[in-house]
Amino acid sequence: MEITVKLFAMFRVGRFAAVTKRYEPGATPANITSELNIPEKEVGIVLVNSRHAKLDHRLLDGDTLSLFPLVGGG
Amino acid sequence: MDKIIRVNMSDLSTRTEAVPTAWAGLGGRGLTSTIVAAEVPPTCHPLGPSNKLVFAPGLLTGTPAANSGRLSAGAKSPLTGTIKESNAGGTAAQMLARLGIKALIIEGIPKADAWYNLHVTMDGVAIKEEAELLGKGNFAVIEALEARLGKKTGILTIGPAGELKMTAANLSVKDPDSKIRSHGRGGLGAVMGSKKIKFISINDDGAPKVPIADPEKFKTAARTFAKALLDHPVSGEGLPTYGTNVLVNILHEAGGLPTKNFTVGQFDGHDKISGETMHETIVGRGGKHKHGCHAGCIIQCSQVYHDKEGKYVTSGFEYETIWGLGANCCIDNLDDIAVADNIKDDIGIDSIETAVMFGVAMEAGILKWGDSKEMLRLLTEEIGKGTPLGRILGGGAGSVGKAYGVTRVPVVKNQGIPAYDPRSVKGIGITYATSTMGADHTAGYTIATNILNVGGFVDPLKKDGQVELSRNLQIATAAVDSTGMCIFVAFPALDIPECLPALIDMINARFGISLTGDDVTNLGKHILKIERQFNIEAGFTKEHDRLPEFFKTEPVAPHNAVWDFSDAEIDEFWNF
């Protein structure tokens, strides 16, 4: 299945801003962060199709996954 | 010995008073709101002689506590008609605290057709006539005063917008680099203008250190507190790297970035105005990506933004400004937004209110969507010069909406709604609706828990838990706003257990008292209640605690969310 992965803030450093690529059916955000060498404890916000999700969320074909470190403003 | 200084502009007299017992335990917002509630008739005209402009440093301001250098300014707001407290960094707060000035209260209006300045020193306050700097922008005022009075001089000043009593006028504070921080919201610059004061200069020569009752205990607590600020990823790493503008991409991705005057929740040009792009631009042009608004700030969320030639354009370039002039106006040119931010600092107008206003002005057809060059012209040539159109624009979003018959006007109690769509981030909608200040994201920043996973998680798209979240944050914020602390200490305070007790320990060590966590919560509740009582006596009812109608009737993409709280659900907020 095809997933668009978007990275933000420090996660972009040495990686990328956005890519669309094929993953095995049933892949989760945790599989993808692991592949990208992003430690789970550094993951602040996980959005799937603009909704908050957990790292074990089961992704579906065509999903957009957005990953942020713990950041904030105001 | 702490004191209260009163300046009466009606008879041009000043008076130094002992601090009343009831005010001794208060600082910052707690003190400005207490004084305004006690001494300003709630039904008075905010620009008339009965209103008072009150400045108060926080309880910890002037001590070595990290991030404690904020100054509160309070009055009845000419923008909202409610009580108002707006706080800012800069150098003035710490100077006033060292001078032992717990509050500076400015009363009355001069009889003569003249302008004045105030000069604050160890000897008190001197009132002098001012002619030379009238009509000048804030940057010119600071430059002239440093030449006239010395580089170290603390400065509170108003630009042309404040002189002309525009209801979106802000009050500027000189920062450690001789640039500008702002008491932005609620038109406090117009209140200072109504009192015919162009600037207040401060010289703290000869002032002693702020006394600390138990220095050892203070030192230990201050160390724990500073460590929490540096250990938390938001305050320790994210804010100093990307500034508050890291939020553009987050809110875009979450579908809560108000775009084209709150008609959609995502902006195609988001990456061009994002914190990530801004960071690269700043670093590439030799600016500073981290910078503090006051001495002792260790979070350093501010930055110095340069143009393509490497020359200073602006600092303190915040998410709300960039969102408002960017996504909300369909402008994706960060350089033009930076120039606009600089002009707003110079003419002295609130960057949030004015950004929300431009969205309404574009909807009204005053300028085209995305036309950043015309926006710059309107700022300089119309608002800055006080033309009839400029005065309408300088009155903020509500003013333009009324003058041009626009129905989609994002305001609560006539104050522009900032940077987070309340339909798709519902907790912040409760804060906008119920805040005693009018729409104010800082009053109870539910974005932390709705979007950023700080202090837990409450689903932004559901109603469950939002009223309680907003209530708890508004109570805590009212208390934090009384300490002189930057509100960003809330990020570690929500997640790191040692942080809040260390903050309370610092207050206890400073004054030799023994406040508990409950005492601090009760202080927050008390402040909200006196502010609300002022508003009730000014004529506000629960029917004013509502969002504009369009939020209920116009679903916002991508979630197609509407504002679906009933009136009774909103009113539960005040059940404490």
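**Contact between the chains**

User: How many residues of chain B are in contact with chain A?
Analyst: In this predicted model, 32 residues of chain B are in contact with 16 residues of chain A; a contact means that C-beta atoms, placed from the backbone, lie within 7 Å.

User: Which elements of chain B give two or more residues to that side?
Analyst: They are helix H7 (233-242), helix H8 (247-254) and helix H17 (447-450) of chain B. Helices (H or I, at least four residues) and strands (E, at least two) are DSSP runs, numbered from the N terminus.

User: How are residues and chains labelled, and what is counted?
Analyst: Residues are numbered from 1 along each chain as its sequence is written, and chains are lettered from A and ligands numbered from 1 in the order in which they are written. Local features need pLDDT of at least 70, side-chain atom pairs count only at pLDDT 80 or more, and totals for chains, interfaces and linings use all residues.

User: Turning to chain A, how many helices and strands are there?
Analyst: Chain A has one helix and five strands, in the order β-β-α-β-β-β from the N terminus.

User: What are its dimensions?
Analyst: The C-alpha trace of chain A spans about 35 × 25 × 20 Å along its principal axes.

User: And H15 of chain B: what does its buried part pack against?
Analyst: The buried residues of H15(B) pack against helix H12 (351-364), helix H14 (388-393), strand S16 (411-412) and strand S17 (415-416) of chain B. Buried means that 20 or more other C-beta atoms, placed from the backbone, lie within 10 Å of the residue's own. Among these buried residues are B:Ala397 and B:Val400.

User: What comes just after H15(B)?
Analyst: B:Gly405, with a positive phi of about 65 degrees.

How values were computed. Contact = placed C-beta atoms within 7 Å. Buried ≥ 20, exposed ≤ 12 C-beta atoms within 10 Å, placed from the backbone.
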